[in-house]
Amino acid sequence: MALWFQVVRWKNLLSTGNAFTEIRLDTTSSTLIVGKNGDGKSTIGDAICLALFGKPFRKVKKHQLINSINGGGTEVEIEFIGHNKKQYKVRRGLKPDIFEIIEDGIILDQDAAAKDYQALLENTIIKLNFKSFTQIVFLGSAGFVPFMQLSRPLRGEIIEDLLDITIFSTMNGLLKDRIISNKNLISLKKQELSAAKRLFDVYTEQQRLDSLRSSNEIEECVSNITLHSDKKLQLNHLLLAQESDVYNILSKLTDESKDIESMKTLEQYLINLKKKRTKLKSGITFFESTKDCPTCKQDISSDFCRDRIVENNTSLDKLVSGEETLNKAIDDLAIKLNVYEDFRTKLSVANGECDATKNLIRDEDTSIRILKKKLEDLNAPKNTDISEKIIEANASIISIDLEYANALKDKEVLEVSSVILKDDGIKSRIIRQYIPVINQLVGKYLAALDFFVSFELNESFDEVIRSRYRDEFSYESFSEGEKMRIDLAILFTWRAISKLKNSANTNLLILDEVFDASLDAAGCEEFLKLIHSLEDCSVFVISHKTDILVDKFRNIIKFEKQNNFSRIAA
């Protein structure tokens, strides 16, 4: 079921006064909207977007939407039949603020925050966000960013919306939260298990010590503490020496960044010299092979050519000498940079030695701490209920170990799900199936617009455009008229895909000054044939070209200004 728009009305919006302006959106297949500049022709697009998304189609700040004469009472309403065949009306207002969604005559619950209320409208009712809606419904000279000018992530979002696979992105977002929670749970259970085992070991050791405690054990423990303390002292001295080596190596690397910049500068000079040499060689070739001036067609004297050749050869010799000098300087500097690389290798080794020594010191600290705890336990009185504590600690280990194992199993499931939901997973497979269809449709519409180029989107949503007898082109390589044809072809492609998927299918298409901007007469003619061939679609064309378009549309709406307020002319 398509999203079927029926009527839009607005008042106190931009130049519109306190009386509602109303336009039916479903009665005629093609409507021409005309009027002078500033008469309010394009307000229809701002009204529709303001009603659905809370912001205008054009880049107008919200406070500027309010009619400056009346200073308030701005209100827009749009009525449509949703994908679920229910009747909807959305009403918004500025000064005072209004936001209502009415379903089959009943206002939906407004207790939720405005952000959540808007999410309900976009995600559940119209199933389109602002970017996707404007890509399939609008094409205009202002406020519209063509698909080809969007960044790769935004292109991906729009295609996902049209193919109705945004659910996978939503699931992936939820999955990431689950993965983080699972990771935290595993870390927590690992810590708890480690703590429980340590406690069990402590109780077991305490029980052993209580039964085997003797003066010899205490004496041995004290001796071991002394031994580890002496070893730690030796390691600290070694660490000081190693850190001194690191400092010395770092001092030899202080000029590295400056020499790297010097290398870049010399290489740039060399590039510039090569460019000048190429230019001089071209000049020599020109004067050696050219006898007539290409501009005025007069003869060029041989003396003049010979002088220029000699002059260019002299300059060329100087440039070659300069290149040799620069190459030598670059080679010398490269040797110096290689020396820096040797120092970096030594620095890495020295830092590794420092880290190894620090680890040994930490090991000695751990040993000393354990021995001191053991000594404290040896000197403590015996605990009569230690066996009971050992049983409790062991039960805790079993319980936590089970929870830890379950968390690891969940991790495996989540990792498999993550692979499936990644961009190169199930979404990529679906998109891969539709890319040939998209490219075929774009080619079809480009041909219908009498523009024969090969247009392809790849799975990363980058374009490859080839023109007959021409090399590969980018979108920006074409003229404004050619870009407009590509934009139109993509717009109709998205509408066709939407109809195919029924994810964003709608009866509405608004074209703002498309005929006024970049299309030539032939392009206009082909485009008119294309829009008249659309089925179940209400096309609204906003244009100044009333002289050539007035007899080509089934309905005409004219806007005019009366007493500084826009209105539809009678």
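The axes of α1 and α3 cross at roughly 105° and come within 9 Å of each other. Angles of 65 to 115 degrees count as roughly perpendicular, so that is the label for α1 and α3. All of this comes from a predicted model, not an experimental one. On the α1 side, the contact is made by Ala51, Leu52 and Phe53, and α3 brings in Gln118, Leu121, Glu122 and Ile126. Sorted by class, the contact of α1 with α3 has five nonpolar residues, plus one polar and one charged.

Helix α1, which covers residues 43-53, also packs against helix α4, residues 130-137. Here the angle is about 150°, and the axes sit 11 Å apart. Anything over 145 degrees counts as roughly antiparallel, which is why α1 and α4 get that description. Their crossing is right-handed. So who does the touching? From α1 the contact takes Ile48, Cys49, Leu52 and Phe53, while α4 supplies Phe130, Phe133 and Thr134. Six of the residues in the contact of α1 with α4 are nonpolar and one is polar, with no charged ones. Leu52 and Phe53 turn up in the contact with α4, and they are also part of the contact with α3.

The crossing of α8 and α9 is left-handed, whereas that of α1 and α4 is right-handed. By class, the contact of α8 with α9 holds 22 nonpolar residues, seven polar ones and twelve charged ones.

Two spots in the backbone are worth a look as well. The peptide bond from Lys95 to Pro96 is cis, and its omega is near 5°. Pro96 itself is found in the loop that links β5 (87-94) with β6 (98-103). The other spot is Lys127, which has a positive phi of about 55° even though it isn't a glycine. Lys127 lies in the loop between α3, residues 114-126, and α4.

That leaves the empty space inside. Rolling a probe the size of a water molecule over the atoms shows where such space is left. How many cavities of 30 Å³ or more are there? The count comes to two. The largest cavity contains about 40 Å³ of space. Its lining is made up of Ser42, Gly45, Phe57, Arg58, Phe138, Ile510, Asp512 and Ile542. One of these, Gly45, falls within the residue range of α1 given above. Split by class, the lining of the largest cavity has four nonpolar residues, two polar and two charged.

Terms used. Residues are numbered from 1 along each chain as its sequence is written. This is a predicted model: local features need pLDDT of at least 70, side-chain atom pairs count only at pLDDT 80 or more; totals for chains, interfaces and linings use all residues. Side-chain values use heavy atoms; hydrogens and water are left out. On a 1 Å grid over the protein atoms alone, a cavity is a set of points where a 1.4 Å probe fits but cannot get out, and a pocket is an open set with protein on both sides within 12 Å along at least five of seven lines; lining residues have an atom within 4 Å of a point. Grid points are joined across faces, edges and corners, and a volume is the space filled by probe spheres set on the points. Ala, Val, Leu, Ile, Met, Phe, Trp, Tyr, Cys and Pro count as nonpolar, Asp, Glu, Lys and Arg as charged, and the others, Gly among them, as polar. Axes are lines fitted to C-alpha atoms, for helices over the stretch in contact, and angles run from 0 to 180 degrees between N-to-C directions. Helices (H or I, at least four residues) and strands (E, at least two) are DSSP runs, numbered from the N terminus. Angles under 35 degrees count as roughly parallel, over 145 as roughly antiparallel, 65 to 115 as roughly perpendicular and the rest as oblique. A crossing is left-handed if the near helix is turned anticlockwise from the far one by less than a right angle, and right-handed if clockwise. Contact means heavy atoms within 4.5 Å.
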